[in-house]
Amino acid sequence: MNPHPANTARFGRLIGISLGPGDPELVTRRGWAALQSDARWAYPVKKAEESSYALDIVRRGGLSIPADAVELVFPMTRDAVALAKAWARAATQVVALLAEGRDLAFLVEGDASTYSTFRHLARAVRELAPGVEVDTIPGVSSFAAAAAVADLALAEEDETMAVIPAAYGTTVIDHLLDEFDTLVLMKVKPLLDEVLDLLERRGLLATSCFVEKVGAPAQRVVHDPASLRGAQVNYLSLLLVQNPKRARGERRRGCRKRAAQVEPQATAQAPSPDTGGAAAHPGESPAATALS
């Protein structure tokens, strides 16, 4: 992390440190170094003086919480007015701290670029102080960690996957099951029974897995999600749904085939310097990932 004098002469940097979903050992070396730098810490809470899940990850990793660490309150509510006030208050607080010239490290559970409070905060801060430099340190997402502990693949070769909040509802989920080989349903708690009913109708319960608080001491992996009907689950939970019966269209693999379809005469030309004339291996084909 190299400072840029042009930006830090007035403001410190706002650093989003991704901590992974719960296991301190999943914090990257870059994130760990930032935690031990001179940057002041800031961490999210739902209510003032309430415990912070992100802060708990760091604490379980063996680091002491600095005395000058600052909590930022982000209430769990759908009240647009209350949310707007909370964001404005947090952004104003962050800008005031950055104006001291010291970096501010915002602790983020999971990955700072995926369904994260950090991106909202960074935008709000830049609206107040456009010159603030934002440094995002990536991390392990909850669904990647969930697939690992469940011993499942999110996507192989040219399979497709989508990641959506379950709150989009069963109509959308039902449609996406026909479009993707793997569907990751985030924050599934409020609609769990409805989703389980849908998966049962589609015959996909056997290829689905529920994961709760992945990486934390209270982690739970349930390969029989039907057993969770009517049960209370944690907010930090998701479902991995695989649809091995999905009908797929014709797939076009490799640069050579594509070139032959578009420009047949190009087959007599020399190999391009980018590909060496070789067709791409199917395993190198990126999975199409839909992020809402």
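User: At roughly what angle do the axes of helix α4 and helix α5 cross?

Analyst: First, the basis: this is a predicted model, in which local features need pLDDT of at least 70, side-chain atom pairs count only at pLDDT 80 or more, and totals for chains, interfaces and linings use all residues. Residues are numbered from 1 along each chain as its sequence is written, and side-chain values use heavy atoms, with hydrogens and water left out. Helices (H or I, at least four residues) and strands (E, at least two) are DSSP runs, numbered from the N terminus. Axes are lines fitted to C-alpha atoms, for helices over the stretch in contact, and angles run from 0 to 180 degrees between N-to-C directions. Here, α4 (residues 80–98) and α5 (residues 117–128) cross at roughly 65 degrees, their axes coming within 9 Å.

User: Which residues of α5 make the contact with α4?

Analyst: Contact means heavy atoms within 4.5 Å. On α5 these are Thr117, His120, Leu121, Ala124, Val125 and Leu128; α4 contributes Trp87, Ala90, Ala91, Thr92, Val94, Val95 and Leu98.

User: Is Gly16 buried or exposed?

Analyst: Buried means under 20% relative accessible area, exposed over 50%, partly exposed in between (1.4 Å probe, protein chains only). Gly16, in strand β1 (residues 14–18), has a relative accessible area of 0% and is buried. Leaving aside residues up to four places away in sequence, Gly16 touches Phe106, Val108, Ala112, Phe118, Asp135, Thr136 and Ile137.

User: Which elements cover the buried residues of α3?

Analyst: Among them are α2 (29–35), β2 (40–45) and β4 (104–108). The buried residues of α3 (residues 53–60) include Tyr53, Ala54, Leu55, Ile57 and Val58. Just after α3, Gly62 has a positive phi of about 100 degrees.
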